[in-house]
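Dear colleague,

Please find below the structure that I am handing over to you. My notes on what was found in it follow directly after.

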Amino acid sequence: MTKEPIMAPSKATLTASGIARLANVGRAAVSNWRRRYADFPTPVGGTPTSPSFNAQEVEQWLRHHGRLHQASTAQWAWRQIESYQPAAQISDVLGIAGALLLVRTESPGDNLPTPKQLVGHLRALDPSLAELVGHVLPKQWTAQLTTLLGTVDRFGSEQGAETAFEYLHSQYVTSAHSMSGLAGTPDAVAEVMLTLAGTGARTFDFTSGTGSILRMAADRALRNGTATRCYAQEVNPQYALITLLRLWFVHLRARHAGHAPEPPVVHVGDSMLADGLPDLRADVVVANFPFGVHDWGHDRLAYDPRWTYGLPPRTEPELAWVQHTLAHLSPGGTAVVLMPPAAASRPAGRRIRAELIRRGALRAVIALPAGLMPPIAIGLNIWVLTQPDPHQPGAGNLLMVDTTAAPEGQSLTRIVDTVWNAYRSDSYAEMPGVHRAVPAIDLLDDQVDLTPQRHLPKASELAADPAEIIGRIGDFDRLLDHVRRSLPAVYETPAAPLREAPQADVTDLIRSGSITVLRAVSRSRPANAAGAAVLTATDVLSGGPASGQATRATDDVPGPQVNAGDILVPVIGRRISARVATPEQIGAELGPGVQLIRVDTTRFDPWFVAGVLSRTDNLRIAGRTSSTASGTLRIDIRRLTIPVVPLDQQQAYGQAYRQLVEFRGALERVTATGAALAREIGDGLTTGTLGVASSPALKG
């Protein structure tokens with residue numbers, strides 16, 4: 001269903017970017033309209049380089065010229081938040097919108113409450129929530145806020161207040177305003193962490209961001225008919241407010257369901273330097289803390305009582321966070337934290353790692369695949385910790401898991417859940433290359449390297465049959481021959497047909513309907529959850545089937561599904577990697593880290609479009625915002641252009657681009673197969689199961 005927006009008040013203003021969003025075009029189109037149309041509204045403020053326009057006049061002009069984009073109330077609500085001026089206050093405005101929606105769940109009404117009335121309603125629920133909201137509220141609504149909150153209010157009445165706020169939050173965490181991974185933890189990762197952590201009466205996240213993990217924990221507990229009181233601390237006040245609002249939505253839902261949980265608690269401040277809950281001992285501690293922050297307070301915390309496993313070196317902030325985690329964990333509780341893989345092997349942290357193992361505080365290290373969350377090119381680790389009993393011996397076995405080596409066909413959550421439950425049972429049996437319970441004595445060497453892959457030899461590495469090795473040499477020769485013949489046939493040409501061809505803006509093609517760009521939908525609360533196979537960014541790059549899994553309510557509309565001929569592009573990466581969907585990916589649901597391009601095949605060849613979008617010089621144009629210090633970018637394909645050439649010429653180029661993709665895939669298989677074969681031959685020569693054919697003295 002599409003709706004016209006609420007008419008903007010006469011005093012509301014829009015920048016060129018805001019006008020572009022209303023019309024679903026690029027800023028260049030707005031500049032062009034100003035030059036071409038004499039009746040385009042004149043600026044009413046701003047600066048010569050960044051003018052502002054009367055929003056009502058702009059809306060009337062767009063409608064008169066047939067350029068006002070038809071969008072749902074949800075889209076209008078987010079666009080008005082995203083285009084709010086000043087842009088630095090967008091996080092505050094999202095918090096104000098959430099506060100209004102929260103109040104509407106308890107006190108429905110037709111008229112917009114005044115800021116004072118809004119604070120009064122919130123104070124009746126939670127004084128600390130009222131205080132946080134009060135810090136960002138104006139004394140009275142501006143015209144811009146009145147329009148925005150009116151749209152948000154209508155969105156909440158149509159979809160439900162909690163569903164509306166979760167949608168706005170999902171848009172926020174994928175935008176440039178949220179600092180990406182610092183705000184929210186992806187649902188797929190949060191689900192794995194909570195599966196390992198289990199449940200308890202008190203759940204704590206001391207770097208909560210916008211509360212993604214805690215909200216999922218509270219929602220899971222409610223669906224299971226239990227209750228958990230959520231505690232959080234967050235250094236960013238805007239994130240803390242969003243966390244508290246999200247937790248209060250679940251809390252009110254629990255109240256309406258007849259439960260009586262205690263309300264959530266959220267503190268604002270630096271957890272390391274100003275612990276807001278020093279006496280809290282939680283049954284479950286979960287955290288996705290920032291990595292690599294060397295100015296974490298090493299000099300000021302030298303004699304801190306939390307360092308029971310050793311003073312963390314300045315270069316090991318993650319091990320300081322680990323000890324902070326254990327300081328807040330109750331006896332018998334479980335803590336689950338995300339860690340960079342380097343923390344498992346850096347020399348400076350080996351003494352603390354060794355102490356964690358000796359005393360039995362570290363239970364498991366689980367390697368996740370890359371592409372689940374920023375930094376997108378790195379596969380993070382999960383550490384599972386427990387509060388050791390000082391009266392019981394430690395130094396038991398440590399579970400090592402490499403999820404990237406697990407058999408295909410299972411979701412990440414199912415893999416981890418199965419292994420973790422088996423490890424804690426009496427019938428545990430390792431799976432070579434995937435998981436193994438490693439004796440502590442094998443880890444306590446000079447390096448104390450906790451990298452799972454180091455302790456998980458592949459099944460093929462344990463025993464290699466000499467006849468199989470010789471057979472694989474023949475297979476490798478055939479693979480090399482295939483690679484040689486897989487490159488497209490090309491020739492030197494003085495012309496540059498694609499470079500000289502007219503260029504069509506992707507934004508204009510989207511507006512004309514020739515191209516459609518789809519993203520994953522926001523999930524509502526997963527009551528009566530049903531599983532859905534979800535395509536991740538890793539799946540796109542590998543060409544493999546969907547490996548992710550999401551949950552949704554049984555009455556939810558499924559997200560976009562992959563069709564034959566669809567083009568898939570990871571949202572974040574070091575380069576643009578556009579791939580046409582493989583047969584195994586068709587029918588899967590689109591994941592949050594992937595954008596889908598669907599073309600009119602009577603006008604465009606999918607492989608041609610994927611090839612021209614992936615060219616190297618496009619990265620400078622499409623890389624909208626740097627997401628990490630490692631150089632990965634958020635890819636916005638709407639900023640690109642596509643050469644306009646006849647369909648038969650597109651198909652010829654498309655076949656060449658397809659061959660190049662297959663060539664790269666074959667080249668990767670050659671590298672992996674060749675490395676494994678070289679290792680097996682070397683081991684066979686060393687152990688004597690293989691001889692050197694050119695040395696008669698070595699035969700027999």
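In the protein chain, 75% of the contacts (heavy atoms within 4.5 Å) between residues at least 6 apart in sequence join residues at least 24 apart. Please note that this is a predicted model, in which local features need pLDDT of at least 70 and side-chain atom pairs count only at pLDDT 80 or more, while totals for chains, interfaces and linings use all residues. Residues are numbered from 1 along each chain as its sequence is written, and side-chain values use heavy atoms, with hydrogens and water left out.

The chain as a whole

The protein chain has 700 residues, and 50% of them count as buried (under 20% relative accessible area, with exposed meaning over 50% and partly exposed in between; 1.4 Å probe, protein chains only). Its secondary structure comes to 24 helices and 24 strands, which are DSSP runs numbered from the N terminus (helices: H or I, at least four residues; strands: E, at least two). The accessible surface is about 32,200 Å², and 52% of that belongs to carbon and sulfur atoms (Shrake-Rupley method with a 1.4 Å probe; for residues, only the protein chains shown count as cover).

An open sheet is formed by 3 strands in the order 1-3-2, with antiparallel pairing (two strands pair if DSSP finds at least two bridges between them). Strand 1 (13-15) and strand 2 (45-46) are the edge strands, each pairing on one side only. Strand 2 is joined to strand 3 (residues 51-54) in the antiparallel sense over 2 bridges, and G46 stands opposite P51 in strand 3. Helix 3 (residues 55-64) packs on the sheet and touches strand 1 and strand 3, its direction making about 75° with that of strand 3 (axes are lines fitted to C-alpha atoms, for helices over the stretch in contact, and angles run from 0 to 180 degrees between N-to-C directions). Helix 1 (residues 16-23) lies across strand 1 and strand 3 and runs at about 90° to strand 1.

In helix 7 (residues 127-134), the buried residues are L129, A130, L132 and V133. Seen down the helix axis, these residues fall within an arc of 165°, so they line one face of helix 7 (the arc is that of the directions from the helix axis to the C-beta atoms). P127 and E131, on the other side of helix 7, are exposed. The cover over the buried residues of helix 7 includes helix 5 (90-106), helix 6 (115-125), helix 12 (237-256) and strand 6 (265-268).

Helix 9 (residues 161-173) is largely enclosed by the rest of the structure, because 11 of its 13 residues are buried. Among these buried residues are F165, Y167, H169 and Y172. The buried residues of helix 9 pack against helix 4 (73-82), helix 5, helix 8 (143-159), helix 11 (212-223) and helix 12.

Strand 5 (residues 229-234) has 6 of its 6 residues buried, so it is largely enclosed by the rest of the structure. R229, Y231 and Q233 point one way from strand 5, and C230, A232 and E234 point the other way. Strand 4 (residues 202-205) pairs with strand 5 in the parallel sense over 4 bridges, and F204 stands opposite Y231.

T195 lies in helix 10 (residues 187-197) and counts as buried at 16% relative accessibility. Leaving aside neighbours within four places in sequence, T195 is in contact with R220, T413 and D417.

Yours sincerely
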